[in-house]
Amino acid sequence: MARSWWKTTLAIALTAIMLFPVYWMVNVSFTRREAIRLGKLLPLDFTTDNYRIVLHEQLPFLATSLIVGLGTVLLTVAIAAPAGYGLARLRVPGGRVLSFALIVAQMVPAVVMALGFYSIYTSLGILDTIPGLIIADSTIAVPFAVMLFSAFMRGIPVALLQAAQLDGASHWRTFRSVVLPVSRNSAITVALFAFLWAWSDFLFASTLDRDGGSLRPITMGIYNYIGAQNQEWGPMMATAVLASIPTALLLVLAQKYVAAGVTAGSVKD
């Protein structure tokens, strides 16, 4: 009993340490500018002016991040689900090589990919565009998504697929009508991670944005409050809080699907 109490206390203390930056972000976002430097643990100089400023100035950037995130999800699932099914259930020539290439692709530094995208996008004329940013963000999500779909689809009972084929279903019909419905947990997991990667992306957004227009995502919009001589800490932290709310809600709502999707395929019947 004493050991259990000790572990609980330690867990609470470690959790408090890890969550303290989040609390400080919220605290500063509700603190008046002149009181921020005092470093009070509680927002005694309470104000909501920072959020009024952010809601007036940052909504276009939040909308851009939402569009980019949803677009990345759609493109990632559209590419990764058929690819995962092909690697898992179809006799694809060089399937092992492709699986190894997916692992290698995740080792490529994002900064190298960003420079490559900049050169390609310049020649194609799609710099500073939402479709260009969606494609760039999808390259980070697709390798992981294909591996996750493939691991899950290998665990689908063969009898289920054979029954569909006996009914005259083609590979595409089997994939669309049988495999996709039973892959819901994996699809939700892939969609969540793809959205989180796109929502939090800074490197691609900063590299592929030249003129600093209104199509920037929220990770770039927050830099409006960072200057060479002055930093607007209140609006900056308020922006960070608002940007964190959608991802936190998604994680809470989808956690059971994520747990099922990540462990899918690890154990076979």
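Start with the residues that line the second largest pocket: seven are nonpolar, four polar and none charged. Here Ala, Val, Leu, Ile, Met, Phe, Trp, Tyr, Cys and Pro count as nonpolar, Asp, Glu, Lys and Arg as charged, and the others, Gly among them, as polar. To see this lining, select Trp-199, Ile-218, Thr-219, Ile-222, Tyr-223, Ile-226, Thr-239, Ala-240, Ala-243, Ser-244 and Thr-247. The volume of the second largest pocket is about 170 Å³.

A word on the terms: on a 1 Å grid over the protein atoms alone, a pocket is an open set of points where a 1.4 Å probe fits, with protein on both sides within 12 Å along at least five of seven lines, and lining residues have an atom within 4 Å of a point. Grid points are joined across faces, edges and corners, and a volume is the space filled by probe spheres set on the points.

You are looking at a predicted model, in which local features need pLDDT of at least 70 and side-chain atom pairs count only at pLDDT 80 or more, while totals for chains, interfaces and linings use all residues. Residues are numbered from 1 along each chain as its sequence is written, and side-chain values use heavy atoms, with hydrogens and water left out.

Now colour by secondary structure. Which elements each supply at least two residues of that second lining? They are helix 12 (218-221) and helix 13, and helix 13 gives the largest share, five residues. Helices (H or I, at least four residues) and strands (E, at least two) are DSSP runs, numbered from the N terminus. The protein has 13 helices and zero strands.

Next, move to the largest pocket, which holds about 230 Å³ of space. Among its 15 lining residues, select Arg-32, Arg-33, Ile-36, Glu-232 and Gly-234, the closest to its centre. Helix 2 (33-36), helix 3 (49-57) and helix 13 (233-263) are the elements that give two or more residues to this lining. Its make-up is four nonpolar, six polar and five charged residues.

Then show helix 4 (residues 59-89) with helix 10 (residues 184-200): they pack at about 140°, with axes 8 Å apart. Axes are lines fitted to C-alpha atoms, for helices over the stretch in contact, and angles run from 0 to 180 degrees between N-to-C directions. Helix 4 is therefore oblique to helix 10; angles under 35 degrees count as roughly parallel, over 145 as roughly antiparallel, 65 to 115 as roughly perpendicular and the rest as oblique. The contact residues divide into twelve nonpolar, four polar and no charged.

Your next pair is helix 6 (residues 110-124) and helix 7 (residues 130-153), packed at about 150° with axes 11 Å apart. That angle makes helix 6 roughly antiparallel to helix 7. Select Met-113, Phe-117 and Tyr-121 of helix 6, then Gly-132, Ile-135, Ala-136, Thr-139 and Ile-140 of helix 7, to show the contact. Six of these contact residues are nonpolar, two polar and none charged.

For the last stop, where does Asp-128 lie? Look in the loop between helix 6 and helix 7. Asp-128 has a positive phi of about 60° although it is not a glycine.

Notes: Contact means heavy atoms within 4.5 Å.
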